[in-house]
Amino acid sequence: MKNEYDVVVIGAGPAGSITAKTAAEKGLSVLLIEKRQEIGDPVRCAEGVSKVWLRKHIEPDHRWICADVKGSRIFAPDGTMVEMAEEIAGGEVGYVLERKIFDRALAYEASKAGVEVMVKTRATGLIIENGFIKGVNVSHLGQSYDIKAKIVIGADGVESKVGRWAGIDTSIKPADIETCAQYLMSGTGIDQEYCYFYLGNEVAPAGYVWIFPKGNDMANVGIGILGNKSGNGKHAIDYLNDFVNDKYPDAKILEMDVGGVPVSGSIERTIANGLMLVGDAARQSDPITGGGIINAMEAGKIAGEVAYNAISRNDVSTDSLNEYEVKWRETIGREIDNSLIVKNTFTKFSDKELNSLGHSLKGVNFSSMSLLDLLYALFKANKKLLWELRVLF
Ligand code: FAD
């Protein structure tokens with residue numbers, strides 16, 4: 001480890017590794033630090049991604065793909081099933097990954113591009129001089145170090161502290177975070193070519209249960225509910241246990257994880273002088289699905305390029321880094337804002353209304369429909385929904 005780099009990236013998730021790789025490919029000196037001893041472990045993710053978007057960043061590799069999914073089966077509270085092909089179902093079905101291997105593969109790609117990677121290295125604060133972030137304080141194997149950088153990237157995930165240290169408001173209200181619990185299970189007997197979603201306020205208030213195939217009769221069975229619906233003696237894990245005991249009483253639990261997904265929509269600011277936030281640290285996950293892997297990678301690519309541009313201009317002020325703010329808001333930011341509107345509508349729906357949506361879509365052939373056809377079919381049968389979502393059109 002040197003004590004000075006062009007760019008220091010904090011956090012080696014998808015956002016951090018892609019940012020670091022992009023900046024290094026442009027010729028910058030880059031350090032990527034990760035507080036855990038193993039990149040990607042423990043996993044806090046259902047591991048579903050869109051094939052098309054993933055391929056923009058990395059060639060699919062059988063070593064980290066557990067399942068190649070054909071579509072989704074979505075269940076309304078009364079059991080009505082709607083089946084959708086993968087390209088209609090959206091960003092979180094396509095491949096189901098093995099993130100322990102995937103995240104490491106992304107860090108490996110970054111290292112091949114010239115990035116220096118340090119594990120068991122925790123950022124503990126920022127070096128700030130005259131209103132500019134000038135580097136990071138880190139702790140590694142009991143020793144403290146100061147590392148200077150022209151630009152610091154906060155890619156430290158949902159529990160991000162980097163934004164706060166830089167004076168950026170990243171706080172999330174309980175109503176803006178999905179609290180999640182998930183089991184890796186064997187013996188559910190699900191069709192391994194489909195992702196399953198269960199809706200309903202009894203099953204998952206203001207959220208959903210997912211079952212994503214992992215190959216060899218294994219599956220991620222998880223739940224996300226809005227933080228403000230958790231409590232009163234019933235948390236996400238209790239809803240998950242009820243679901244699992246009811247549906248798969250004989251299946252076995254092989255792993256468990258819990259975590260949070262920000263569903264707040266775009267925050268006001270993701271830059272400071274000498275600093276950018278990417279991925280979950282910048283609250284860039286999708287408010288309706290909770291998916292954040294692809295958005296993290298997209299934002300990381302933009303941040304890596306902007307870091308190069310700003311350093312080339314010899315100007316890392318917020319005026320210069322505003323290029324990042326503008327570019328991510330024009331792309332993934334738009335999707336996030338639209339999803340927020342849809343989320344705010346759907347989380348108000350009663351089970352009766354969810355059932356009615358299910359009925360209006362039952363039997364529709366989604367494999368021959370575009371997304372617009374789908375929305376049209378949905379809205380034709382549900383005028384209230386059309387009215388609530390009018391701002392999207
Ligand atoms: P992370 O992947 O969280 O990486 C942040 C990294 O920073 C971590 O490795 C962390 O250890 C490190 N770090 C934190 N603080 C420090 C520090 N001080 N110093 C050094 N390192 C630090 N998304 C999908 O697309 N599809 C899904 O199916 C899906 N399912 C999910 C299910 C659950 C239960 C949860 C909780 C999330 C799910 N997500 C899903 C969301 C997805 O996991 C995140 O959006 C994605 O991981 C964001 O990537 P990131 O790089 O921003 O953050």
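User: Which residues in α8 meet α9?
Analyst: W328, R329 and E330 in α8 meet I332, G333 and R334 in α9. Contact here means C-beta atoms, placed from the backbone, within 7 Å. Helices (H or I, at least four residues) and strands (E, at least two) are DSSP runs, numbered from the N terminus.

User: Before we go on, what sort of model is it, and how is it numbered?
Analyst: This is a predicted model: local features need pLDDT of at least 70, side-chain atom pairs count only at pLDDT 80 or more, and totals for chains, interfaces and linings use all residues. Residues are numbered from 1 along each chain as its sequence is written.

User: Back to the helices. At what angle do α8 and α9 cross?
Analyst: Roughly 55 degrees, for α8 (residues 318-330) and α9 (residues 332-346), with the axes coming within 3 Å. That makes α8 oblique to α9. Angles under 35 degrees count as roughly parallel, over 145 as roughly antiparallel, 65 to 115 as roughly perpendicular and the rest as oblique. Axes are lines fitted to C-alpha atoms, for helices over the stretch in contact, and angles run from 0 to 180 degrees between N-to-C directions.

User: New topic, the ligand. Which residues come nearest?
Analyst: G11, G13, G157, G279 and G292, out of 39 residues around the ligand. Near means a C-beta atom, placed from the backbone, within 6 Å.

User: Which elements supply at least two shell residues each?
Analyst: α1 (14-25), β3 (48-49), β9 (121-129), β12 (177-186), β16 (252-262) and α7 (293-313). The shell divides into 17 nonpolar, 13 polar and nine charged residues.

User: Where does the ligand lie relative to the domains?
Analyst: Domain 1 (4-44 + 100-172 + 265-330) and domain 2 (73-96 + 173-262) both give residues to the shell, so the ligand lies between them. The bounds come from an automatic or database domain assignment. That assignment also gives domain 3 (340-392).

User: What separates the centres of domains 1 and 2?
Analyst: 30 Å, taken over C-alpha atoms. As for contacts, 14 residues of domain 1 touch 13 residues of domain 2. The domain 1 side has five nonpolar, five polar and four charged residues.

User: What's the strand order in the seven-stranded sheet?
Analyst: β6-β5-β13-β14-β15-β12-β16, an open sheet with mixed pairing. Two strands pair if DSSP finds at least two bridges between them. β6 (81-85) and β16 are the edges, each with a single partner, so one side of each has no neighbour in the sheet. On average, neighbouring strands are turned by 20 degrees against each other, direction ignored.

User: How many bridges join β12 to β15?
Analyst: Nine, and the two strands run antiparallel. M185 has A219 in β15 as its bridge partner.

User: Which helix lies across that part of the sheet?
Analyst: α6 (residues 236-247) lies across β12, β14 (208-215), β15 and β16, at about 135 degrees to β15.

Conventions: Ala, Val, Leu, Ile, Met, Phe, Trp, Tyr, Cys and Pro count as nonpolar, Asp, Glu, Lys and Arg as charged, and the others, Gly among them, as polar. Two residues are in contact if their C-beta atoms, placed from the backbone, lie within 7 Å.
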